[in-house]
Amino acid sequence: MKRMLSILGMVLLCGLSASAVCAEGARAVVDTTRLRLGESLTLRVMADFDDPRVEMPEMANFRVSPRGTSSRMQIINGRTTREVESLYLLVPLQAGEFVIPAIAVMDGRKAYHTQPVSIRVDERSASSSVDQPWRVTADISNPSPYVGEQVVWTFRFQTAARFQNARLGKPAFDGFSAEELGEGRAFEQVINGRRYAIHEVNELLIPQKPGPLAIAPASLSVAIVTGRSRRSSDPVFDDFFGSRNVMEQKQLTTEGVAMEVKPLPVYSGDAPFSGLVGTFSLTASIEKESVKAGDPVTLTLTLEGRGNIRDAAAPQISLPEGMKHYGDTPVEEIALGPEGWQGKKTFKTAIVPLKAGTVEIPPVTLVWFDPSTKTYRSQRSAPLRVEVLENKAAEQVEVFQSSGPGTTFGLAKKEVRLKGQDILPLKMDADAVRHEAPMGMSRFLAWLGGPLGLFLVIAFALKRLTRDLSVGQKLARKAILQVKEAEKAVGEGELFYAKLHSALAAVMGALAGRPVEGMTGEDIRRIVAGVGGTAEAAERCVAILDSVEAARYGGGAESEGRRKEKVQTLIQMMKEVKA
Amino acid sequence: MKRILLVLMLLLPAVAFGSDLSKAFYDGVSQYEAGHYDEALDSFLTLSGQGIENGKLAYNIGNTFMQKGDLGHALLWYDRAHRLMPKDPDLIFNRNVALSEVKDRQEDLENPVLSVLFFWKKGLPLKTLQWLAIGSGGLFWVLLALTIFWRRPPLKNATLLCGAFFALFAATALWDTAVATRVQKGVVLPAAVSVRSGLSDTATELFTLHAGSRVIVEQARSGWVRIAFSEGKIGWVKKETVGVI
C-alpha cells in the first residue's frame, strides 16, 4: 500500500512539473502552412518569460527577415503571466514541402524548443486552396528590344483585401538607363467575378548594351488587413472606443525578368547615322527667302518623334561656300509619356550669306533606326533657297571694322580648338651640334664676381695712387681748390676774405712743403725766398695778407677789381710753383 | 708662311670634326623623315654620346622617342632640352603632348611657403634669372663706383635700388643653381615600374609609377635608387628604370 502511494505521489509530481513546462515554454505559430512562390508567411515565436533570446536556425529554403518584438501581460485568477512575441517574415525561395525546424528560445541558460512546422510552397501559377486575395507581377513591354530602344517595365499589385503601408523595393536595373514613368496609377477591375484594386508602377528602361540582361525581382512590403478585433461584446462600449483592424505584414516578391537585347544592325548608308532609335520626322524651314548680304537668316530644323530624342545632336548642315553659320542652343519640348520620351527638339542656326546671289541650302538628312520595321530609315528635308541682295552698308561697316583691331562688331569669335594631337617636326639648325651646357655654379660665380673684382681693383689702384702723393703735392691740390673757391666768392665781402686767407695759407703750405698756420709777413717772405721766388712776388703775397687782415679786423673793403687782382696774384703764384 | 701653314694644319682636324658632327646630325634628320626612327636615334645618340649638350639635339631625340612610342625616354629628353632652351615654343608644345599621355597625376614637391614668396620667378627660367643677376650686378658696381667719385644723392638712390635688385636676383639664382646642381630630377622610363620598400624584387610593393612620371632621385645603392614622387610617396626602384635629367 505504501509502495502504491509513493508511486501515485511520483506520478502526480511528474504531472505537475509537465504542466509547468507547458505553461512556461515557447511556441512557434505561422499564419499559413500553404502558400505560393512570391508570397510570404509570418512566423511568430512566443515565449512565456521575460527577455527570451530566439536562436533562429539556418533555413535554406526561406529568406528570413525579423520584424520586431512585442509583449503582453495577462492576469488570470490573480496570477500574472507575460508573453513575449518575436515576429519573422519568411519568403520562400523555391517550391516544395519544407519544415521550419524546432527553434531554440533561451531563458538565460535554459533552452526551450518550439515544435517543427511543415510548410508547402506551390508554384506561382498553381491554384491556391486558400485563394489568396493578393498578387504581385512584373512585366516588360518588349522582352527583346534593340540597344537604345525604349521599353516599359510594369509592376502590378492586385489585391481584393484592404492594405496599409505599402513600400515597393525596385530592382537596380543594371545595364539600363531607367526613368520612373509618372507616379503610377490605381484602378479597379473585376476578375472572375471578384473586384480587385490594381496598383501599377511603370519604369521607362533604355538598354545600354546588347546581350542578355536580367531585371531582378521587385519586392513589396505591405500590411494587409485580415480582420477586425473587438474590445468587448458591448456595442455601446464598441461604438465609443471603436474597433481595431488586424493587420498581417506581408513581403511579396515578383519573378525576375529576363531580356535579350539585340545590337543595332550594321549601317551602310551614305548619310551619317544619328544614333536615334525610335520613330522620328524632320522638317526644315528658313526664316525669310530674301536677305541682304552680311545679314543673318535663321534656318530651323525640327526633329519630332518618340524614342531617345533627348540624345539627338544637331543634324549636319553642309552649306555652300561663302556662307557662315552659327548654331544656337537647341530648344527641347520633350515629355515622358506612357510609351517613353516623346516630343520635339528644335535646332536653330543663324546663316550669314556673304555674297549676293541665289543660295541653295542643300537638304538635310536624318537617319535613325526604327525598331518596329527593324530597319534604318532616313528623311531628307526639302531644299531651301535664299535670295541674297547687295548690301552697301554692310561693306562700309566691314571696312570700318577692319580699320580698328580692337573693335568687336559683327559676329562673336569662337575659340580655336585642337582637332588632333601630334608632335611638331625636328629642328634642323646647324647649331644643334654645338655644345651649349647650362651655366654651372662655378661659371655663374665667375660672372657674378667679375664686376666686383674689377671694382675692387680700381678702388685699390686709386687708393694707392692717392697714397703716393707728397704733402706738398696734396697741399698744392688743396691750394688750387681754395683759390678757385676764393675766385667764386669775389662779390661776397667777408666770405671772400676768409677764402682768400685760406687760399694764401694753402699756397704758402704748398711752397713750404708743410702746412702753414698763423703766418706773418716775414713767414711769407721767407717761404717765397726759400723756393727761389722774387722779392716782388713775396711782397705781393704780403700785401694780400695785409688786405685780408685789414678787411677782417678793420672793416676796410676793397673794390671788386682789386679783389680779382689779388686772386690773380695767387693764381700766378701757383703757376710759378708748378713751373 | 710656315706659321700660317702650321695654324691651318692645327685647324683642319677641328673643321673635319665639325663636318662629321653635322653629317651625323643631318643623317639623323633624313632617317627620321624617312620613318627609320631606330637609325635616326642612333645618329642623334652618337652626337650626344660625344658630350654635346644642346637643346635642339635633345629635342630631336625626344621627338624620335615619341615616334617610337617610348614615352618615358621621350619625356626624359624633352626635359633635358627644357633645361637648355626653356622658352622654345616647339619644345613646349611637344612636351605638353607627351605630358598629356602620362598616366600618373604629378603632385607638387615644392615647399608651399617658398612658392608663395618666390611667385615672381615662376615664369623665369634659371638661365634668365642668372643673366638678370649678372646684369644687375654689373650695373650696381658701376653705379657704386660713380657714387664714390661723384657724391650725388640721385646716384646714391639709384645705386641702393639697383643693389636691392642685385641682392634679390643673385640670391635666388644662386639658390636655384645650387638646387639644379645638387637635386637630381629623374623620369620613369618603362611603361610601369613597381616602387618597393627595399632593395630587392621581393620587397613590398608600395605603389606603381608609369612612364614619364617625374621623380627626385635621392640616393643610389647597389644598382637601386631611392626616389621621391611626392610628399610621403618614396621608395626604391632599379637604377635603369629612372633616367636622370
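Two strands pair if DSSP finds at least two bridges between them. Strands themselves are DSSP runs of E with at least two residues, helices are runs of H or I with at least four residues, and both are numbered from the N terminus. In this predicted model, local features need pLDDT of at least 70, side-chain atom pairs count only at pLDDT 80 or more, and totals for chains, interfaces and linings use all residues. Residues are numbered from 1 along each chain as its sequence is written, while chains are lettered from A and ligands numbered from 1 in the order in which they are written.

Now take one sheet. Chain A holds an open sheet of three strands, in the order β22-β30-β27. Its pairing is mixed. The edge strands are β22 (290-292) and β27 (357-361) of chain A, and each pairs on one side only. From one strand to the next, the twist averages 30°. Strands of a sheet pair through backbone hydrogen bonds, either parallel or antiparallel. β22(A) pairs with β30 (residues 384-389) of chain A in the parallel sense, over three bridges. A:Val291 stands opposite A:Val388 in β30(A).

## The two chains

Chain A has nine helices and 30 strands. Of its 579 residues, 23% are buried. A residue is buried if 20 or more other C-beta atoms, placed from the backbone, lie within 10 Å of its own; it is exposed if 12 or fewer do, and partly exposed in between. Contacts require C-beta atoms, placed from the backbone, within 7 Å. Among contacts in chain A with a separation of 6 or more, 69% involve residues 24 or more positions apart.

Chain B has eight helices and seven strands. Buried residues make up 31% of its 245 residues. Of the contacts in chain B between residues at least 6 apart in sequence, 53% join residues at least 24 apart.

## Helix pairs in chain B

Two packed helices are described by the angle between their axes and the distance between the axes. Axes are lines fitted to C-alpha atoms, for helices over the stretch in contact, and angles run from 0 to 180 degrees between N-to-C directions. The axes of α2 (residues 37-49) and α3 of chain B come within 10 Å and cross at roughly 155°. That makes α2(B) roughly antiparallel to α3(B), a label for angles over 145 degrees. Their crossing is left-handed: the near helix is turned anticlockwise from the far one by less than a right angle. Residues making the contact include B:Phe44 of α2(B) and B:Ile61 of α3(B). They divide into eight nonpolar, four polar and one charged. Here Ala, Val, Leu, Ile, Met, Phe, Trp, Tyr, Cys and Pro count as nonpolar, Asp, Glu, Lys and Arg as charged, and the others, Gly among them, as polar.

The axes of α4(B) and α5(B) also come within 10 Å, crossing at roughly 150°. These helices are therefore roughly antiparallel to each other. The crossing of α4(B) and α5(B) is left-handed. Among the residues that meet are B:Tyr78 in α4(B) and B:Arg95 in α5(B). This contact has seven nonpolar residues, two polar and one charged.

## Where the chains meet

The contact between the chains takes 37 residues from chain B and 25 residues from chain A. On chain B, α1 (2-33), α3 (55-68), α4 (71-84), α5 (89-100), α7 (126-149) and α8 (153-182) each supply at least two residues. The largest share, nine residues, comes from α7(B). The side of chain B that touches chain A divides into 20 nonpolar, twelve polar and five charged residues.

Note on methods
Contact = placed C-beta atoms within 7 Å. Parallel < 35°, antiparallel > 145°, perpendicular 65-115°, else oblique.
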